[in-house]
Amino acid sequence: MTTAVAPTWSDANQRYLMAAIALIRVALERQIVPSSATGTASVDESNARQALERAIAHLPSPSALERICNLFGLSSFERDLLLLCAGMELESSFSNLCATAQGDPQRNYPTFSLSLSALPNPHWSALTPKAPLRRWQLIEVGPGRALTLSPLRIDERILHYLTGVQHLDERLFGMITPLLAAGEQVPSHQKLAEQIVAIWSANSPATYPPIIQLCGDDAAGKQAIASHACHSLGLSVYSLSSHTIPTNANDLYRFLRLWERESLLMVSALLLDCDDLETTDAAREGAIAQLTELINSPLIISTRDRRRSRQRPLITLDVYPPTSSEQRLLWHTHLAPAAIELNGQIDKLVSQFNLNAPVIQASCAEAIGRINRELQKDGRKSEETAVSSDFQALWDTCRVQARPRLDDLAQRIESGSAWNDLVLPDSQRQVLRDIAAHVRQRAKVYEQWGFAGKGGRGLGITALFAGASGTGKTMAADVLAQELQLDLYRIDLSSVVSKYIGETEKNLRRVFDAAEVGGVILLFDEADALFGKRSDVKDSHDRYANMEVSYLLQRMEAYRGLAILTTNLKDSLDQAFLRRLRFVVQFPFPSAEQRAEIWNRVFPGNTPTDGLDPRKLARLNVAGGNIRNIALNAAFLAADAEEPVMMKHVLSAARSEYAKLERPLTDSEVKGWI
């Protein structure tokens, strides 16, 4: 004896829908042949109602039609009108029935006129644009001479929904994308997700929940928080980029209606992604403000800067990257069991790189993949040993992961200078080594030894490199980067400073926020553009100029890496500013002995030379940067002549360099060269 298998919701929903449409067919037939003329219509209606009751009895949960009626508040007449339009798509007989019922073979489609005369409980208000059928675009009104005689068509998205098929409205394709369920969350982010759940759960079902604003630079973390919160509430979540929001008022209104309908059908929330909105686009900012004021669905805004709402309740939550302990746990989790063999190396990663969960996971996956490849080459090598020996590659992977955002804001310098390339007095070299020691040991001193205390102010490692152009300031920064195995980024302050109020601070904030991820070395070139002696406040320009200096000082003091400023004129800097810098390195103009040493080292070992005399070349009264320019130019001249580099080539290159400097090349400098 076989047991009957209960129908699935999809099958039961389909039978229910067709039974409901059958009742509409009976109504059309009654319109054609009044029931007083024959009892057939009554019999057909009775049979259709019985079929509908049987279909209802087999439904394990509400039908799609019932959900639509509840979601959009349809009256019985509006429900039947929607079914009439659905019948046109699903029942082949409806076309002839509509034409016959309207007495016109050309009008073989539903109309408001037909609905008002054929369907029970008609009311004129169902035809208005504010009524559910048209407001929610459940039906479409085609062109016609009169509203009541215009063809009606069910919206394709609604038709599929009625049949039990769920899909995103195609008009939203390319505008919104589903946000996938996030992976693991660190505890600090989990608390924020739970806070959103509590806020929205406490909201009255009759009103839409307050807008949640997630502020911070960890875009991935904010998405994960939104995803976890929404899924805990049984909501799917879709992401909308601020760059795709329609700026035209009519287009924005149509988008809102479509999205709000989709939000009800899919039980969804919207994540408005404003993280990549860098420019002050007045039209787009206006569209964002209008969307946040008008939207009637759950909304989360992901943004770096706090936004305001004029009327809607808006709750702001600050999102920070995972804490050091959370990052440490992530590293151990994704590298386990090999992490045990790293012998404290993970602490170095955590102290240097401020990475979020997805980036740490990706870095570990890349490292483990590399380890497995090594194991395949050498089976005698244990996994733990492979990880330990491959720590440098893991460190480099983290450097690469931290680069993308900063590469768009500053110039990465990769010259690979070494200490031997740097010709400086011993005192200056020692200060540079002290700077390197501070960067290497900051985690131990600040965290383990307790110097960090409860605040971050004053913990940034800051330095000023002062000296004439070409004296080695940039090379010294590069030497530090090579020593510490960190990326060096050069920021031209003259391009950062803006005449528009607030723009300089915004430009600086972008640089520091992006640099925090990898703790890179920041080299702010041409500090004189911003850090001259601060003036007394005589007008608004002075006040805002002083605010820009104060903002930079605050960010430098809180920055977890090394920030270096360069200037050609140290004396022009305010003493109050200098007191807040940890290191000041004066790069002197090189002496004759130092210039000879530079000439001794300037040509690579592979460069063929003949008869070069560093003592004679040192008589050129120029800095190291100019010496390198002359040497390079001389090498090209010699290569073009298919000769080794000789004094004559250096002489020709020196004349070109002096002409560039608008200085005369004296006889005393080149006497006895040739």
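Author: Happy to! Let us start with a definition: a residue is buried when its relative accessible area is under 20%, exposed when over 50%, and partly exposed in between. Please keep in mind that this is a predicted model.

Reader: Thanks! Is Arg403 buried or exposed?

Author: The relative accessible area of Arg403 is 15%. The cut-off for burial is under 20%. Arg403 is therefore buried.

Reader: With which residue does Arg403 form a salt bridge?

Author: Side chains of opposite charge can pair when their charged atoms come close. For Arg403, the closest N and O atoms of the pair are 2.7 Å apart, and a salt bridge needs a distance within 4 Å. The partner is Asp487.

Reader: How many residues apart in sequence are the parts that this pair ties together?

Author: Arg403 sits in the loop between α17 (391-401) and α18 (404-407). Asp487 belongs to the loop between α20 (473-484) and β11 (488-492), and at 6% relative accessibility Asp487 counts as buried. The pair therefore ties together parts whose separation in sequence is 84 residues.

Reader: Nice. What is the N to O distance in the salt bridge of Asp305 and Arg509?

Author: Asp305 is partly exposed, at 34% relative accessibility, and Arg509 is partly exposed too, at 24%. Their side chains meet in a salt bridge with an N to O distance of 3.0 Å.

Reader: In which helix does Glu260 lie, together with Arg257?

Author: Glu260 and Arg257 form a salt bridge, with the closest N and O atoms 2.3 Å apart, and both residues are buried. They are 3 residues apart, about one turn of the helix. That helix is α11 (residues 249-266).

Reader: Which residues are linked with Asp155 in a network of salt bridges?

Author: The structure holds 30 salt bridges. In the network with Asp155, the linked residues are Asp169, Arg171 and Arg261.

Reader: Now the helix. How far apart are the end C-alpha atoms of α28?

Author: Helix α28 (residues 647-661) has 15 residues. The expected span is 1.5 Å times one less than the number of residues, so α28 should span 21 Å. The model agrees, with the end C-alpha atoms 21 Å apart.

Reader: And which helices do the buried residues of α28 pack against?

Author: The buried residues of α28 include Met647, Leu651 and Tyr658. The buried residues of this helix pack against α25 (592-602), α26 (614-617), α27 (624-640) and α29 (667-670).

Methods
Residues are numbered from 1 along each chain as its sequence is written. This is a predicted model: local features need pLDDT of at least 70, side-chain atom pairs count only at pLDDT 80 or more; totals for chains, interfaces and linings use all residues. Side-chain values use heavy atoms; hydrogens and water are left out. Helices (H or I, at least four residues) and strands (E, at least two) are DSSP runs, numbered from the N terminus. Buried means under 20% relative accessible area, exposed over 50%, partly exposed in between (1.4 Å probe, protein chains only). Contact means heavy atoms within 4.5 Å.
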